[in-house]
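Open your viewer and keep the selection tool handy.

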Amino acid sequence: MVLPTTLQGNLMPAEINFLAENETVTILPRYSMKKIELIGTPIPPLRAMRREKVPLWVALILKSQDKCNIVPPKWLNLAYLKEKHEEELRKPNQFSDLPWHWQEIAKILLARAQDDLSDPSHQLRSVIQDLREIRLVKSRKGLKELNESNISLNGLSLLEINELRPFVLGVMNKLRSLHETTTTSKEVDEDMAEVSDDDY
């Protein structure tokens, strides 16, 4: 598939989800299973009712076969997310510390492991949406402070950076070319001033 030029430097949402599924999560297996050697990630031996860390994609396969329960990450609960929402409101120039793939993992677990979550899914979705919106507003507000040399995106997740990337790259390229033009014209003006001083 050929993408428009504006999107060629970006990751597609499906690619970001794919990357998020490599994050490790804790599971509670219902069956014992021998260790599996895979090219990228070896799957440890699983014992029934003993917690083990595995990649999210493995947890989802086992969950779909009713062979495990997924232990939700400690950040995926109402109290923690509400606290982060309050922190976002208290600190208008700073992003709260959330995992690199927090949105994707939350979306996947809300869709495919709802019964393993400790809080009602509709409340979790609501807080996640509020958190996402306030962070989006803050990131757009932060774009007003762009300059030609750098931009600070500390605390943003991969998905949030990916959403901003097409706009930010275009603006920074324009700012850089404007900066180079003004620098060159100042140098020319200084050279002209030196020449005119020599004439006197």
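Which element supplies the largest share of the lining of the second largest pocket? Select α4: 5 residues of that lining come from this helix, the largest share. The model is predicted, so local features need pLDDT of at least 70 and side-chain atom pairs count only at pLDDT 80 or more, while totals for chains, interfaces and linings use all residues. Numbering starts from 1 along each chain as its sequence is written, and side-chain values use heavy atoms, leaving out hydrogens and water.

Helices (H or I, at least four residues) and strands (E, at least two) are DSSP runs, numbered from the N terminus.

A pocket here is an open set of points on a 1 Å grid over the protein atoms alone, where a 1.4 Å probe fits, with protein on both sides within 12 Å along at least five of seven lines; lining residues have an atom within 4 Å of a point.

The volume of this pocket is about 320 Å³, meaning the space filled by probe spheres set on the points, which are joined across faces, edges and corners.

Finally, zoom out and color by element: the protein has 6 helices and 3 strands, running α-β-β-α-β-α-α-α-α from the N terminus. Of its 200 residues, 34% are buried (under 20% relative accessible area, 1.4 Å probe, protein chains only).

Key:
Buried means under 20% relative accessible area, exposed over 50%, partly exposed in between (1.4 Å probe, protein chains only).
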